[in-house]
Structure formats: C-alpha cells, structure tokens
Amino acid sequence: MMGDFPDLGVGVGLRTPHFARFQRSVPSSIHWVEVISENYMSWNGESLGPPCKTLNKVRENVPVCLHGVSLSIGSTDPINLKYLAALQELIKQIEPAWVSDHLCWTSVDGQNLHDLMPMPYTEEALNWIAKRILQTQERLGRRLLIENVSHYLQYESSELTEWEFLSEVSKRADCGILLDINNVYVNSVNQNFDPLKYLHGIPWERVGQIHLAGHTDMGEYLIDTHDAPICPEVWNLYCYVTQHLGRVSTMIERDANIPAWEELETELNQIHLIRESCPIRQIQEDSSAKSPLLAKAV
Ligand SMILES: [Fe+2]
C-alpha cells in the first residue's frame with residue numbers, strides 16, 4: 001500500500017496567485033505540489049493553455065498530485081465515464097505521483113452541486129461507494145487516495161461513525177486515505193466528538209497523504225473555509241499523528257484570502273520542523289497489521 005504513496009515531503013496546493021513565483025523556480029521549501037484536477041482537465045481534447053504550461057514547468061522539477069473535486073464517487077448517478085476519460089488524459093500528460101478525490105457525492109441527475117456532500121454512514125452506502133471506488137481504480141489502472149470531508153449535517157439513517165465508515169471503505173475498496181486533519185477537527189467541534197477517537201479509529205497503514213488548512217470560527221460552529229492560517233489545535237493533531245505514524249506527505253490547502261508566498265512559507269516551515277522531529281515511517285505492507293496509534297493508545 002505505502003509503495004503507492006511514498007513520503008514526498010512537504011507540498012502545497014498550487015493556486016494561480018502563486019503561479020508567477022513557481023514560474024521563476026519551485027521554492028526550496030516545496031518538494032511536491034497538488035493541483036485541482038478539474039482546473040486542468042480538457043473536455044474537448046484541447047490544451048488549456050497558460051495554466052497547463054505552468055503545471056508542465058513545475059512538473060519538470062517536482063512531483064505533481066492530482067486532486068479531484070467532482071468525481072462524485074458516492075453519487076447514485078452512473079459513474080461519469082466522460083469525466084474519467086478527461087482525467088485519464090490529464091494523467092497521461094502529467095504523470096502524477098497519485099490521484100485523489102473525496103468520500104462524498106457532488107451530483108444528482110447529472111447536476112453538479114459544487115459542494116462535497118457527506119455520505120450516510122450505512123452498510124448500503126458503504127457497499128455502494130466501495131464498489132464504485134474499485135470500478136474507478138480499475139478503469140484508471142491505479143489506486144486512489146480518498147479524502148475525509150468536512151460537513152454540516154448528519155443523517156438519521158447513519159449506523160456507523162464517520163471514522164468507521166472511512167475505515168471500512170478504504171479496506172473494501174483497497175484504496176488509500178487522504179487524511180485532512182482540519183476536516184477531522186472541524187467535524188469534531190461541529191458534531192461534538194473527540195478528534196483523537198477519530199484518529200485512533202482509522203487504518204494508519206492506508207494514510208498516504210495529509211492535508212492541513214485553516215477554517216473560520218463562527219463561535220458556535222466552524223466553517224471549513226481554507227482562508228486562514230492553520231489553527232493551534234490542528235497543528236497539535238498533526239504533531240500527534242506524525243509522532244506516532246512517522247513522516248507522511250503533507251501539504252497546505254489555501255483556497256481563499258491567499259497570502260503572499262512568503263507568508264505561506266512560514267507555515268510550510270512549521271511542517272518542515274515538525275517532520276524533522278518525527279521518525280521515518282516504517283512501511284507496513286500487511287494492511288491488517290495493528291495501527292501504531294492503536295498500539296500506543298492508552
Ligand atoms: Fe482537504
């Protein structure tokens with residue numbers, strides 16, 4: 001499993017305000033970048049022009065990961081083969097280190113909601129989404145990383161916790177997990193659960209990448225806005241995870257209120273510091289092996 005998702009180091013979600021900086025050269029604080037697949041996918045076979053030129057230049061220097069937002073793998077719509085064909089074409093061009101998307105649904109009757117809607121945590125939904133991830137992986141010829149989402153509703157029909165659902169999906173679909181620690185924290189506050197319980201409840205050998213991001217504190221609840229620096233609680237959770245798990249490819253997602261590169265770099269340096277104090281990850285090929293976190297949990 002981890003052979004599919006080696007530790008690439010410290011990365012960033014590459015966004016247009018930082019294109020000029022990356023066109024000069026890839027900053028030395030960056031070992032890899034992630035881009036939103038849909039921003040570079042071509043639906044009619046034509047090149048997207050300047051954005052692809054920038055990406056190709058970055059690709060010459062560091063690995064690129066493709067992160068999708070509209071695979072809609074949990075939807076009851078048929079799997080979107082046109083989408084997969086366009087994604088496959090981009091994969092051919094970019095040769096990404098890996099490809100990821102979300103544990104969610106984003107479409108109904110072919111209409112894109114432009115939002116990441118959570119799954120009901122039921123056995124039926126579990127079978128459904130695991131089967132579709134397997135089919136998609138088969139079609140793309142590669143294992144996917146599937147990310148936990150932040151969300152603001154719960155279904156009365158849910159029978160499992162979010163972490164039980166994520167764990168089972170990853171095992172049944174034999175996919176990796178993109179662990180968004182900010183999303184875990186936002187959900188833990190909004191839905192009143194212990195984030196450590198979540199972290200202890202997932203199969204660590206399947207975590208191939210970590211997202212860090214900021215959110216907005218609305219007082220009684222949090223909104224996952226990706227428009228602010230990472231908060232101390234999320235840094236603490238990240239330290240906790242990496243101390244137990246070892247070094248995992250980690251990046252910052254900043255999608256709004258994007259600061260000057262130098263400001264983002266101070267947060268990236270914090271990731272470097274935390275990683276330096278962490279062990280090199282021991283690769284566990286046996287996916288049924290006991291989680292190192294569980295082994296150390298009190
Ligand atoms: Fe994320």
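**Figure 1. Lining of the largest cavity in the predicted model.** Helix 3 (81–94) and strand 4 (99–102) each supply at least two residues of the lining of the largest cavity; helices (H or I, at least four residues) and strands (E, at least two) are DSSP runs numbered from the N terminus. With three residues, strand 4 gives the most to this lining. The lining consists of Ser37, Gly68, Leu71, Tyr83, Leu87, Val99, Ser100, Asp101 and Leu144. By class, five of these residues are nonpolar, three polar and one charged (Ala, Val, Leu, Ile, Met, Phe, Trp, Tyr, Cys and Pro count as nonpolar, Asp, Glu, Lys and Arg as charged, and the others, Gly among them, as polar). The space in the largest cavity is about 40 Å³, a volume being the space filled by probe spheres set on grid points that are joined across faces, edges and corners. On a 1 Å grid over the protein atoms alone, a cavity is a set of points where a 1.4 Å probe fits but cannot get out, whereas a pocket is an open set with protein on both sides within 12 Å along at least five of seven lines; lining residues have an atom within 4 Å of a point. Residues are numbered from 1 along each chain as its sequence is written, and side-chain values use heavy atoms, without hydrogens and water. This is a predicted model, in which local features need pLDDT of at least 70 and side-chain atom pairs count only at pLDDT 80 or more, while totals for chains, interfaces and linings use all residues.

Figure 2. Asn257 is found in the loop between strand 12 and helix 9 (261–276). The phi angle of Asn257 is near 50°, a positive value in a residue other than glycine. Asn257 is exposed, with a relative accessible area of 58% (buried means under 20% relative accessible area, exposed over 50%, partly exposed in between, with a 1.4 Å probe and protein chains only).

**Figure 3. The largest pocket and His226.** The volume of the largest pocket is about 570 Å³. Its lining has 27 residues, of which Val69, His102, Asp115, Leu116 and His226 lie nearest the centre. Strand 6 (residues 111–117) gives the most to this lining, with five residues. The lining comprises eight nonpolar, eleven polar and eight charged residues. His226 is placed in the loop between strand 11 (222–223) and helix 8 (232–245). Its phi is near 55°, a positive value in a residue other than glycine. At 10% relative accessibility, His226 counts as buried.

**Figure 4. The second largest pocket.** This pocket contains about 300 Å³ of space. Of its 18 lining residues, Ser70, Ser72, Asn80, Tyr83 and Ser107 lie nearest the centre. Strand 5 (105–108) and helix 4 (123–140) are the elements that give two or more residues to the lining. Six of the lining residues are nonpolar, nine are polar and three are charged.

Figure 5. Distant parts of the chain are linked by the pair Glu147, in strand 7 (residues 144–147), and Glu253, in strand 12 (residues 250–253), which are 106 residues apart. Glu147 and Glu253 are both buried; the relative accessible area of Glu147 is 1%. Between Glu147 and Cys65, the separation is 82 residues in sequence and 14 Å in space, C-alpha to C-alpha.

**Figure 6. Cys239 and Cys278.** A search of the whole structure finds zero disulfides, a disulfide being a pair of cysteine sulfur atoms within 2.5 Å. The closest cysteine sulfur to that of Cys239 is in Cys278, at 7.2 Å, too far for a bond. Cys239 is partly exposed, with a relative accessible area of 27%, whereas Cys278 counts as buried at 5% relative accessibility.
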